[in-house]
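Have the coordinates open as you read.

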Amino acid sequence: MVAAPGENMRVNADRLWDSLMDMAKIGPGIAGGNNRQTLTDEDGEGRHLFQRWCEDAGMTMGVDRMGTMFATRPGTDPDALPVYVGSHLDTQPTGGKYDGVLGVLGALEVVRTMNDLGIKTKHPIVVTNWANEEGARFAPAMLASGVFAGIHALDYAYGRKDPEGKTYGDELKRIGWMGDEEVGARKMHAYFEYHIEQGPILEAEDKQIGVVTHCQGLWWLEFTLTGREAHTGSTPMNLRVNAGLAMSRIIEMVQDVAMGEQPGAVGGVGQVFFSPNSRNVLPGKVVFTVDIRSPDKAKLDRMRAKIEAEAPKITDALGVGCSIEAIGHFAPVTFDPTLVTAVRTAAEKLGYSHMNLISGAGHDACWAAKVAPATMVMCPCVGGLSHNEAEDISKEWAAAGCDVLFHAVVETAGIVE
């Protein structure tokens with residue numbers, strides 16, 4: 001007989017919080033957050049701790065050739081496809097303690113709570129730690145889930161380089177987490193991902209739960225501008241070939257393009273490399289990435305076309321060379337209506353205030369949705385701040401979202417009495 005979980009079933013809030021704090025001790029940042037970037041020694045240490053916790057909870061660990069970790073709690077039906085639940089443990093260089101980590105350890109807490117309550121499910125549960133979600137060290141973001149979904153080739157992923165020229169494949173081997181599973185061979189019954197909002201809406205609306213219905217699409221456009229290195233003090237203004245000036249005008253143009261597509265569109269630049277990056281030398285080369293996003297595919301495509309058309313006009317006027325490469329992309333995602341309803345129903349049953357959300361950030365769920373029914377649950381974060389060491393949530397927010405995750409996952413997996 002298959003039943004629904006009772007309203008009184010809740011996760012252990014203290015245990016979830018303690019796990020978050022214990023993981024945060026690995027790869028501490030300089031201002032209260034974390035620096036546990038993909039395939040660093042700190043990433044390896046965090047993986048070992050996560051594996052130990054999973055095995056202590058009675059799960060068996062599998063690792064694929066991209067380094068993604070899959071911890072399985074068996075179901076009662078050996079032929080039933082698993083319900084996958086997870087996110088990522090890697091962080092930004094100056095990341096917070098919760099971005100991604102809450103989703104992985106929240107999934108672990110779901111299994112721990114099932115163990116506490118003696119719950120058996122028809123479908124297995126697989127707690128997942130996707131490799132290189134952030135893309136901070138190896139672009140693009142969501143790299144491992146992208147290979148899993150067939151978006152990227154394995155050789156392409158292995159060849160991605162960090163700013164020091166080290167490749168993903170070599171670093172994966174170095175830290176000892178290159179598994180032997182074929183990437184993407186696993187089949188999913190459903191996929192759930194729990195995450196902090198990374199935006200201000202839930203807190204501003206005083207809602208405990210975000211029921212995520214869609215995810216914005218994204219383009220990352222990497223610009224390489226070529227000017228001429230020259231002394232900043234002795235080179236006349238009219239004789240400069242200033243790649244830095246061209247970059248500033250392109251950034252202003254990106255702002256105008258995004259504002260022209262309001263509402264429901266954003267654009268900006270978060271990463272810039274000047275060369276030679278000396279105080280008194282005009283840059284001979286500038287590399288930067290434009291990040292544009294929208295839940296509306298037509299707007300997203302229109303923004304890219306405008307930016308790629310206008311940038312050469314700006315650089316040509318200044319005598320600066322310009323090349324543009326698309327280094328990251330995913331289309332807007334509509335999450336599975338049945339799973340979205342399961343999340344909303346769980347929030348209502350548990351008495352938590354909730355609202356529909358469109359995720360402004362990309363997540364592994366965006367690629368998982370290409371191969372299986374998928375959805376997300378979100379909790380608020382203070383001030384909407386993320387990708388910042390000051391990122392903060394409350395224990396109560398963390399527990400409420402995990403309660404909803406628990407109920408939606410267990411109901412989807414099917415309690416067996």
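**A guided look at the fold**

Leu-39 counts as buried, since its relative accessibility is 0% (buried means under 20% relative accessible area, exposed over 50%, and partly exposed in between, using a 1.4 Å probe and protein chains only). You'll find Leu-39 in the loop between helix H1 (13–24) and helix H2 (41–56); helices here are DSSP runs of H or I with at least four residues, strands are runs of E with at least two, and both are numbered from the N terminus. Its phi is near 65 degrees, a positive value in a residue other than glycine.

Before going further, note that this is a predicted model, where local features need pLDDT of at least 70 and side-chain atom pairs count only at pLDDT 80 or more, while totals for chains, interfaces and linings use all residues. Residues are numbered from 1 along each chain as its sequence is written, and side-chain values use heavy atoms, with hydrogens and water left out.

Next, hop to the loop between strand E5 (125–129) and helix H4 (143–148), where Pro-140 sits. A cis peptide bond links Ala-139 to Pro-140, with omega about 5 degrees. Asn-132 is in the loop between E5 and H4 too. Its phi is near 50 degrees, again positive without being glycine, and Asn-132 is buried at a relative accessible area of 1%.

Another cis peptide bond joins Gln-262 and Pro-263, with omega about -5 degrees. Gln-262 belongs to the loop between helix H8 (243–259) and strand E10 (266–275), and with a relative accessible area of 39% it is partly exposed. From Gln-262 to Ala-57 is 205 residues in sequence and 48 Å in space, C-alpha to C-alpha.

Now for a helix pair. The axes of H10 (residues 337–350) and H12 (residues 395–413) come within 8 Å and cross at roughly 125 degrees; axes are lines fitted to C-alpha atoms, for helices over the stretch in contact, and angles run from 0 to 180 degrees between N-to-C directions. H10 and H12 are therefore oblique to each other, as angles under 35 degrees count as roughly parallel, over 145 as roughly antiparallel, 65 to 115 as roughly perpendicular and the rest as oblique. Among the residues that meet across this pair are Leu-339 and Val-343 in H10 and Val-404 and His-407 in H12, where contact means heavy atoms within 4.5 Å.

Zooming out, the protein has 12 helices and 17 strands, and 56% of its 417 residues count as buried.
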